[in-house]
Amino acid sequence: MERMVKHFALFIISLKTSIRYKTTYLSWLLNLISMILPALAILFFGDLALRLLGYVNADQYLMFLVISLAYWGFIESFWSGVFDLRDMMRSGIIEQVLLYPLNPIEFVFSNSIQSIISALIQSVPLLIISCIYYSVTVSFGHILICGVVVILSLFANMVMTLLLCSIGLETAESDQVISIIANIAPFLCGLFIPISMLPQLFLPVSLLFPFTYALELLRYYVFDVPTFLMVDQTWIAMITTTMLFLVIGMILYRLYLNKARKRGFNKF
Amino acid sequence: MIYLYKEILESLRYKVIWINLFLIPFFQFAPFVLMSADPTQVLIGLICWYVLTQYFFVIPNCFEDERINGTIVNLLTFPVSVVRLLISKGIWLAFQTIAIVTFTLFLFLLFNITVKDLPLLLALVVFDCFAMFCCSVFYLGLVLHIQRFSRINGFIQDVLGFFSGYTFDIRKFPIGLRLISYLIPLTYIIIIARHSTVFTPVALMMVTILSLMLLFLGLHMVNQKIQKLRSSGEWNVW
């Protein structure tokens, strides 16, 4: 209970700080829109290969872009916590943070709560606009299933953040590692195009990410676009990869934390 | 030259950043290239826009670290002038960009997406580096005067790319929007790269005129701000 209160206090502090700098929300929203702007440009003014993408019409693809963008906002919001960890290392306060009642990983996740709220603020208007533009005919049951997919993949993302934090403890260039993942993941996870369109070389890497399956399932339940694997296989693969990341993340985090405690945290 | 040499040495110290820099364009552009019915045209547009993003990320932010660390005073008292400093950064960035663009085109080649006239495209990338350097100096001037511009830098890059037709032909734009496009130097570079025609010399001249205008305006704004800082002494109050 005491730990919960401390988490909450930290959350309130970070939320108030972010409200003070209002432009952060705006710039995050602009960044998300920037991500899909080239795709929107192709959709409205270019030659979109709709049949290859598996959608019936351009409106359907537009709707998928907005939904996946809102979803990806949540995914990326967690990763910002890793930069906090790196900042702590750079400014040399991580040793002190280790003495706090909350350990660094809890510290990172508490900061992520604020990022999730930001993601929520960004995604809700996007979803409302898209629903007005294109009336979705999805059953209530499928909406519930989509909710489960999102929650499960958010858990997967927390696990992934743990793994990235571990890398952060080991290497000084962790922000570059995160940047690489943030840059390759939208393509490999099928944020813009289904993974069936990916070059064969990238498929094994793509199938390692739990988000790939989450996007496949969202596409299936909302738009009836066939999944790359069978639907039940996709569910199993999403849960399996999440568990895999959890185990590797926990092992690596403990390993690198102990290593860093022995030889010092500052690598800059 | 010394500054350029130091810049190279410092950059080579970090390894992962190079993997990142060389992989980013391919993974960022691949979805848009693959989703288009005309992948080559999209690739060419995005490559030209990539040069803009490189210059807009580096030049307008070149004083940011110094400002945060409080070392901007040292920088301004060095014998190297700000203009030379910017030029050395621009030259280093040009080498870097050309290498990354070549590597990216090679990666796309592996997936059977080829560019017809590769030497022309690479020559245009070099010219693009010059033009985008000029535009980024202008943006640096804006950032120094209104700091909020640095926060929307990424979005501005996308808006410029959009109006230049990075993933489509601007002839599909309504006439009103096309007028905005013709004010952006990148538009002409993309047009030349996609359709090399008899209008190429005119387009090249337009890019040069627009870029030089922006460069001189930008340098004026930068010098004006630095003089103001020198006289007022408010190094950390921007």
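Start with chain A as a whole: 77% of its contacts with a separation of 6 or more join residues 24 or more positions apart, a contact being two residues whose C-beta atoms, placed from the backbone, lie within 7 Å. What you have open is a predicted model, where local features need pLDDT of at least 70, side-chain atom pairs count only at pLDDT 80 or more, and totals for chains, interfaces and linings use all residues. Residues are numbered from 1 along each chain as its sequence is written, with chains lettered from A and ligands numbered from 1 in the order in which they are written.

Colour chain A by secondary structure and you will find 11 helices and zero strands; helices (H or I, at least four residues) and strands (E, at least two) are DSSP runs, numbered from the N terminus. Of the 268 residues in chain A, 36% count as buried. Buried takes 20 or more other C-beta atoms within 10 Å of a residue's own, exposed 12 or fewer, and partly exposed lies in between, with C-beta atoms placed from the backbone.

Next, select residues 140–170 and 210–223 of chain A, which are helices α7 and α10; they pack at an angle of about 170° with axes 10 Å apart. Axes are lines fitted to C-alpha atoms, for helices over the stretch in contact, and angles run from 0 to 180 degrees between N-to-C directions. The pair α7(A) and α10(A) is therefore roughly antiparallel, the label for angles over 145 degrees. Show side chains here: among the residues that meet are His142(A) and Cys146(A) from α7(A), and Phe211(A) and Tyr221(A) from α10(A). This contact has 11 nonpolar, two polar and no charged residues. Nonpolar covers Ala, Val, Leu, Ile, Met, Phe, Trp, Tyr, Cys and Pro; charged covers Asp, Glu, Lys and Arg; the others, Gly among them, are polar.

Now bring in chain B. The contact between the chains takes 29 residues from chain A and 30 residues from chain B. On the chain A side, α2(A) gives the largest share, 11 residues. That side divides into 19 nonpolar, eight polar and two charged residues.

Move to helix α11 of chain B, residues 185–194: nine of its 10 residues are buried, so α11(B) is largely enclosed by the rest of the structure. Its buried residues include Pro185(B), Tyr188(B) and Ala193(B). To see what they pack against, display α3, α7, α9, α10 and α12 of chain B.

Finish at Asn112(B), in the loop between α6 and α7 of chain B. Asn112(B) counts as exposed because it has 8 C-beta neighbours inside 10 Å. Check its backbone too: phi is near 65°, a positive value in a residue other than glycine.

Note on methods:
Parallel < 35°, antiparallel > 145°, perpendicular 65-115°, else oblique.
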